[in-house]
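User: I would like to learn how to read a few features of a protein model. Please take them in turn, with the general idea before the case.

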Amino acid sequence: MAVERTNPYGTFNYLVDLGTGDTASIKAGFQEVSGLNIEVTSADYRNGNDKVNHVRKINGIYKVGDITLKRGLMGALDLYEWINAVRTGDQSARRSVTIQLRDESGQNVVMTWRLTNARPIRYNGPAMNAKTGTDVAIEELVLSCEDLTIE
């Protein structure tokens, strides 16, 4: 449920449910979520007998971009297990993923993005560098989905 107000919401308070429905025992929160987008394609068309000398734009199909999730490496294997299920052909690995933006208090959901039939298409482990002793090890999961709805 989207809630309108005059000041924009910050992007720092959100919850990602990877389709398990279990938000009480979160293993690790995501540092970053990016790529939430929808793109409508268009086709150029012009009749041979059109009186104007330009094409019309006709809406075509739409596509949803790939969503990237990044989190600090916590030793949990849940992301690897999910992409492993996809790469071994498990058809039940598709999930409904929910991303909820919350207000500053963290208690109220102000907008929700729902990914239909999401599945991982790429997993990136952390880049390791012995010269940087203060960097956090980040793992990344890229999801592909069939549809994106916003509430």
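**Reading the core, the spaces and the backbone**

Analyst: We can start with one side chain. Contact means heavy atoms within 4.5 Å. Leaving out residues up to four places away in sequence, tryptophan 82 touches Leu18, Ala93, Arg95, Val97, Ala118, Arg119, Pro120, Leu141 and Leu143. This is a predicted model, in which local features need pLDDT of at least 70 and side-chain atom pairs count only at pLDDT 80 or more, while totals for chains, interfaces and linings use all residues. Residues are numbered from 1 along each chain as its sequence is written, and side-chain values use heavy atoms, with hydrogens and water left out.

User: Which residues have the most contacts inside the largest nonpolar core?

Analyst: A nonpolar core is a set of buried Ala, Val, Leu, Ile, Met, Phe, Trp, Tyr and Cys residues joined through side-chain atoms within 4.5 Å. Buried means under 20% relative accessible area, exposed over 50%, and partly exposed in between, with a 1.4 Å probe and protein chains only. Here the largest core holds 21 residues, and Leu18, Trp82, Val97, Leu115 and Leu143 have the most contacts inside it. At least two residues each come from β5 (67–72), α1 (78–87), β6 (95–102), β7 (109–124) and β8 (138–144). The most come from β7, with 4 residues. These elements are DSSP runs numbered from the N terminus: helices are H or I of at least four residues, strands E of at least two.

User: Which residues of α1 are buried, and why do they lie on the same side?

Analyst: The arc to look at is that of the directions from the helix axis to the C-beta atoms. In α1 the buried residues are Leu79, Trp82, Ile83 and Ala85. Their arc around the axis is only 150°, so they sit on the same side of α1. Their cover includes β5, β6, β7 and β8.

User: What lines the second largest pocket?

Analyst: Tyr9, Thr11, Tyr14, Val33, Leu36, Ile99, Leu101 and Trp113 line that pocket, whose volume is about 170 Å³.

User: What is the phi of asparagine 117?

Analyst: Most residues other than glycine have a negative phi. Asparagine 117 has a positive phi of about 50° although it is not a glycine. This residue is in strand β7 and, at 26% relative accessibility, counts as partly exposed.

User: Is proline 126 buried or exposed?

Analyst: Proline 126 is buried, because its relative accessible area is 17%. It lies in the loop between β7 and β8.

Notes: 1 Å grid on protein atoms, 1.4 Å probe; cavity = no way out; pocket = protein on both sides within 12 Å on 5 of 7 lines; lining within 4 Å. Points joined across faces, edges and corners; volume = space filled by probe spheres on them.
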